[in-house]
Amino acid sequence: MLMVFEVYQSHLQTMLRYSFPDHFGDVLMVLLQGSDSKQLSPLCWKNTLRTLGCAEELGTSADSVTLSLLTPQQVTETLGWLSSHFMQLRSSSQQLAVNGLYCEMQQYVLHIGQLLGLLFTTLLQAEFTGSVVPSHNFEGEVENLWTLLRTAYEPWLASVDAAKLGNSVPSGVGLCMPWTEKESGLASGVMANFTNCLHLLFSRYKGALPTHSQDVLALTWRYYASSLARSDQPHVLRVYHDSLVTLPWEHFYPDIHAFNLMMKLLEECHPVCQSFLCSVFIRLDCLTLVADYCSHDLPEIVARLHECLLHLLVHFSVQESEAVSGKLQEAEQFAWHYLSAAAYQNTMSWLVDAANPDLVLSQAQGQAPSQPISLMKTAAGFKPETQVQYADVCRKQQLYVHGVVELVCRCVARR
């Protein structure tokens with residue numbers, strides 16, 4: 001049997017190499033059909049990847065072919081076909097719909113992820129080395145490539161609404177997770193592969209896009225906040241966060257929609273999402289952001305920016321105090337006069353309800369003033385150097401005093 005298997009293996013690889021890429025689609029179809037039925041040996045995937053110059057653990061064979069012989073259109077169509085195939089497979093049975101593809105594809109998962117990464121890398125190289133004069137619409141190019149990458153990995157990484165998976169999902173299930181906890185190790189490998197592609201896409205277009213554009217980081221943040229973060233399972237979120245945190249978020253320039261998504265995360269998502277948000281937020285260049293918004297955006301946009309910044313800073317100073325201490329010091333320089341009294345009241349109300357009231361006593365006990373209290377005081381317009389009295393400043397100062405008194409009363413009530 002082993003000899004027969006080796007003969008078939010050799011024939012499959014010979015067919016793949018012969019007049020490549022004429023039989024590339026046929027070989028992929030054989031691999032997918034065998035994987036779907038779980039009757040294919042993983043060695044078939046390994047040897048195919050080796051033939052394509054991809055399997056690192058096996059090395060590249062001397063007679064390997066190169067995917068660069070594929071045209072960009074062929075690569076794009078292949079990625080789209082693979083995505084459609086695996087999404088249909090995910091909706092083909094109740095087990096795959098509810099538990100994700102990993103439960104039945106464990107022995108093939110890493111090879112498939114490796115193929116997706118190789119195809120995307122090949123497409124990027126073709127975009128930059130092709131003979132066609134490249135378009136100057138870099139933002140559109142990035143969005144198209146990012147969307148293709150997201151779609152290719154979505155069957156393996158995203159939670160899916162039960163309604164989209166059809167009748168294979170039992171009633172009562174709202175959101176179907178992409179893997180179970182015992183499969184998190186495999187999922188981490190696929191997620192790392194996806195993130196490596198994001199790194200490559202970001203580096204290829206770094207410096208080519210204007211500051212305010214929807215670059216790789218902006219598109220990834222929107223996808224995370226609106227889709228990936230909907231999961232309520234810590235084992236799924238942990239895989240997302242462990243990979244996405246490695247992206248260069250210090251280059252992220254959030255527009256006001258991105259800040260709105262941050263606020264939504266605080267209100268609606270799992271606490272581990274808030275910790276990830278904090279790890280992204282502390283890497284932002286907030287001073288440059290504020291200065292740029294104040295110079296170029298409408299006053300109502302700048303006001304909303306400061307509303308988001310105040311709430312995020314106060315929230316993290318209570319929940320993740322050590323991580324944001326530097327940002328709280330920077331915030332002393334923000335243009336808090338844009339902040340409305342209504343926005344200030346919302347954050348002060350949250351602080352009074354959520355924080356330990358003892359923080360208001362830190363200065364009275366000979367300690368440094370509590371950072372969230374100090375920030376709220378600054379945002380209310382109590383800075384000594386503030387000479388111009390802007391609208392709402394008196395109301396904000398009243399709200400500050402009221403909030404501090406409320407915290408003191410709660411301290412007394414606890415004793």
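The lining of the largest cavity in this predicted model divides into seven nonpolar, four polar and two charged residues. That cavity has a volume of about 80 Å³, and a search of the whole structure finds one cavity of 30 Å³ or more. The largest pocket holds about 350 Å³ of space. Helix α10, which spans residues 216–226, contributes at least two residues to the lining of the pocket and two or more to the lining of the cavity.

**The largest cavity**

- In total, 13 residues line the largest cavity.
- Nearest to the centre of this cavity lie Gln 214, Ala 218, Asp 255, His 257 and Ala 258.
- The elements that give two or more residues to the cavity lining are α10 and α12.

**Helices α10 and α12**

- Helix α12 covers residues 256–268, and its axis comes within 10 Å of the axis of α10.
- The two axes cross at roughly 30 degrees; because angles under 35 degrees count as roughly parallel, α10 and α12 are described as roughly parallel to each other.
- The crossing of α10 and α12 is left-handed.
- On the α10 side, the contact involves Trp 221, Arg 222, Tyr 224 and Ala 225.
- On the α12 side, the residues met are His 257, Ala 258, Leu 261, Met 262 and Leu 265.
- By class, the residues of this contact are seven nonpolar, one polar and one charged.
- His 257 and Ala 258 of α12 take part in this contact, and both are also among the residues nearest the centre of the largest cavity.

**Helices α9 and α10**

- Helix α9 comprises residues 184–205.
- The axes of α9 and α10 come within 9 Å and cross at roughly 145 degrees.
- Leu 198, Leu 201 and Phe 202 of α9 meet Val 216, Leu 217 and Thr 220 of α10.
- The contact of α9 with α10 has five nonpolar residues, one polar residue and no charged residues.

**The largest pocket**

- The largest pocket is lined by 18 residues.
- Closest to the centre of the pocket are Thr 211, Asp 215, His 251, Phe 252 and Tyr 253.
- The pocket lining consists of nine nonpolar, five polar and four charged residues.

Notes. Residues numbered from 1 in each chain as written. Predicted model: local features only at pLDDT ≥ 70, side-chain atom pairs only at ≥ 80, totals over all residues. Heavy atoms only, no water. Axes fitted to C-alpha atoms, helices over the stretch in contact; angles between N-to-C directions. Helix = DSSP H or I, 4+ residues; strand = E, 2+ residues; numbered from the N terminus. Parallel < 35°, antiparallel > 145°, perpendicular 65-115°, else oblique. Left-handed = near helix turned anticlockwise from the far one by under 90°. Contact = heavy atoms within 4.5 Å. Nonpolar A, V, L, I, M, F, W, Y, C, P; charged D, E, K, R; others polar. 1 Å grid on protein atoms, 1.4 Å probe; cavity = no way out; pocket = protein on both sides within 12 Å on 5 of 7 lines; lining within 4 Å. Points joined across faces, edges and corners; volume = space filled by probe spheres on them.
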